Amino acid sequence: MTEVTPEAQFDNFFALFEQPVQFEVEQHSLDQHLRQLQKRYHPDNVAKNTTNIAQAQQQSEQASALINQAYQTLSAPDSRAGYLLDMQGQAQTLEQSIADLDFLDDAMQMRIDLDEAIEAKDKQALEQLHPQITERLDKQSERFSQAYQKQDWQTAIDATQKLKFLVKLNADITAGLDDVANTAHSDDDDLYV
């Protein structure tokens, strides 16, 4: 890993993780750089290079917090898209409501179906919804990537807003599937009582 000043590293999440400034990232590379950065900025390693242990501890904690924030930002498509727009000075309208009524109708129906499946602990319904949400995530990710490359900021902003909604749905469906799996395993424990 090349040595650069912390200021240059920490003010750009892509540079920090040695990634090109683009929407597509290699998750394995992010994970690998996360481990390297955590090791490099671990309090024990930072303390070796300074005589002021308290200052080293504080610097290490600040670096660790920023490393984790950068990793979370680059790992998720919605936050990565928002970060890219922010880097271009185009993120000011991201918090506005989605204007696409067809998307909203579809998204609200998926939300209702998801909530019902989670409440009923319906594994089959959750498993059917998951690829639908993943497909929509992939479509909006591709839409953002193309718009960003063309500097079509309005389309990129719209895609980012939709990504935020879809990422939340995807997280909820993953949690619902985990919950159903854990419930099934906890029922298995009753057999051994």
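Predicted model: local features only at pLDDT ≥ 70, side-chain atom pairs only at ≥ 80, totals over all residues.

1. The largest nonpolar core has 43 residues. Leu-16, Phe-17, Ile-67, Leu-85 and Phe-144 are the members that touch the most other members. At least two residues of this core come from each of helix 2 (13-16), helix 3 (27-40), helix 5 (53-75), helix 6 (77-87), helix 7 (101-120), helix 8 (123-150) and helix 9 (153-189). The most is given by helix 9, with 10 residues. In soluble globular proteins, nonpolar side chains tend to be buried together.

2. Phe-144 deserves a separate entry. Apart from neighbours within four places in sequence, Phe-144 has contacts with Phe-23, Ala-81, Leu-84, Leu-85, Ala-156, Ala-159, Thr-160 and Leu-163. Of these partners, Ala-81, Leu-84 and Leu-85 are in helix 6.

3. How are helix 6 and helix 8 oriented relative to each other? Their packing angle is about 15 degrees, and the axes lie 11 Å apart. Angles under 35 degrees count as roughly parallel, so helix 6 and helix 8 are roughly parallel to each other. The crossing of the two is left-handed.

4. On the helix 6 side of this contact are Pro-77, Ala-81, Leu-84 and Leu-85, and on the helix 8 side are Leu-137, Ser-141, Phe-144 and Tyr-148. By class, the residues of the contact divide into 7 nonpolar, 1 polar and no charged.

5. Ser-141 is worth checking in the viewer. This serine lies in helix 8 and counts as buried because its relative accessibility is 14%, where the limit for buried is under 20%. Not counting residues up to four places away in sequence, Ser-141 touches Phe-23, Pro-77 and Leu-163. Phe-23 and Leu-163 are also in contact with Phe-144.

6. Most residues other than glycine have a negative phi. Glu-18 is not a glycine, yet its phi is positive, at about 50 degrees. Glu-18 is found in the loop between helix 2 and helix 3. With 39% relative accessibility, Glu-18 counts as partly exposed.

7. A positive phi is also found at Gln-151, with a value near 60 degrees, again in a residue other than glycine. Which loop holds Gln-151? Gln-151 is in the one between helix 8 and helix 9. Gln-151 counts as exposed because its relative accessibility is 52%, the cut-off being over 50%.

How values were computed
Residues numbered from 1 in each chain as written. Heavy atoms only, no water. Core = buried A, V, L, I, M, F, W, Y, C linked by side-chain atoms within 4.5 Å. Buried < 20%, exposed > 50% of the residue type's maximum accessible area, 1.4 Å probe, protein only. Helix = DSSP H or I, 4+ residues; strand = E, 2+ residues; numbered from the N terminus. Contact = heavy atoms within 4.5 Å. Axes fitted to C-alpha atoms, helices over the stretch in contact; angles between N-to-C directions. Parallel < 35°, antiparallel > 145°, perpendicular 65-115°, else oblique. Left-handed = near helix turned anticlockwise from the far one by under 90°. Nonpolar A, V, L, I, M, F, W, Y, C, P; charged D, E, K, R; others polar.
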